[in-house]
Amino acid sequence: MKKKLLLAPLMAALVACVVLLSGCGGPSVEELITSDLTSQFDEIKNGGDDFLSGLKEASGDEFEQLGIDPKEYAKSYLEGFDYKIGDVTVDEDKGTATAEVTITCKSMNKIVEDFATQYQEKIAALDELPSEDNLYKLAGQVMVDVTKAAKPKDTKVTFKYSANEDNEWSADDSATTEMMNAMMS
């Protein structure tokens, strides 16, 4: 009976250490957020299958119609992708945190702008209008060429994290928007 009484406070202390992420020698909230960001960005940087499959699924038949292999296009777009995690600021009392990240990637807005210009120039230089299929293939080739030629640039992004009632930290819904803004700018 005495053993059970001594075990209860020990178990409570262990549970508290797990719940309070930064306590009892576990990783700090800053370390957990940095690890989460590193995991997510490494998946993109390394052209992971999950990321490439997601792009293929999101593109539907559009890439196929243009004669573009979605995985090869993604690899071309992600060439030069990098990131640097800066300051991670945590307010544990409020259950909020921010992580400053510099993302280096090609600007989709610039790619689309260059595509429009170059595609119009190619069409204007044709002696006769090709079939619709060939126009799509020409557009696909111009898109691939423009993407390959694009230069990556740095964009600073702030990701917001919050803790739930169990003190588990996760990125806010704004993370997707922030990532999209970085990729577009």
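Residues are numbered from 1 along each chain as its sequence is written. Because the model is predicted, local features need pLDDT of at least 70 and side-chain atom pairs count only at pLDDT 80 or more, while totals for chains, interfaces and linings use all residues; side-chain values use heavy atoms, with hydrogens and water left out.

**Exercise 1. Determine the order of the strands in the open sheet and state which strands lie at its edges.**

Step 1. Strands are DSSP runs (E, at least two residues), and helices are runs of H or I of at least four residues, both numbered from the N terminus. Two strands pair if DSSP finds at least two bridges between them.

Step 2. The open sheet has four strands in the order 1-2-3-4, and the pairing is antiparallel.

Step 3. Strand 1 (82-91) and strand 4 (169-171) each pair on one side only, and these are the edge strands.

Step 4. On average, neighbouring strands of the sheet are turned by 25° against each other, direction ignored. Axes here are lines fitted to C-alpha atoms, for helices over the stretch in contact, and angles run from 0 to 180 degrees between N-to-C directions.

**Exercise 2. Follow the pairing across the sheet and name bridge partners.**

Step 1. Eight bridges connect strand 1 with strand 2; Y83 has I103 in strand 2 as its bridge partner. The two strands form a hairpin with four residues between them, and G95 in the turn has a positive phi of about 70°.

Step 2. Strand 2 (96-105) is joined to strand 3 by 10 bridges. V101 is partnered by V157 in strand 3, and A99 stands opposite F159 in strand 3.

Step 3. Between strand 3 (residues 153-163) and strand 4 there are three bridges, and S162 has S170 of strand 4 as its partner. Five residues separate the strands of this hairpin, where N167 takes a positive phi near 60°.

**Exercise 3. Is strand 2 largely enclosed or open, and how is A171 placed?**

Step 1. Buried means under 20% relative accessible area, exposed means over 50%, and partly exposed lies in between (1.4 Å probe, protein chains only).

Step 2. Seven of the 10 residues of strand 2 are buried, so the strand is largely enclosed by the rest of the structure.

Step 3. A171 belongs to strand 4. With a relative accessible area of 32%, A171 is partly exposed.

Step 4. Contact means heavy atoms within 4.5 Å. Apart from neighbours within four places in sequence, A171 is in contact with K160 and Y161.

**Exercise 4. Describe how helix 6 and helix 7 meet.**

Step 1. The axes of helix 6 (residues 108-125) and helix 7 (residues 132-149) come within 9 Å and cross at roughly 135°.

Step 2. This angle makes helix 6 oblique to helix 7. Angles under 35 degrees count as roughly parallel, over 145 as roughly antiparallel, 65 to 115 as roughly perpendicular, and the rest as oblique.

Step 3. The contact includes F115 and Y119 of helix 6, and L138 and V142 of helix 7.
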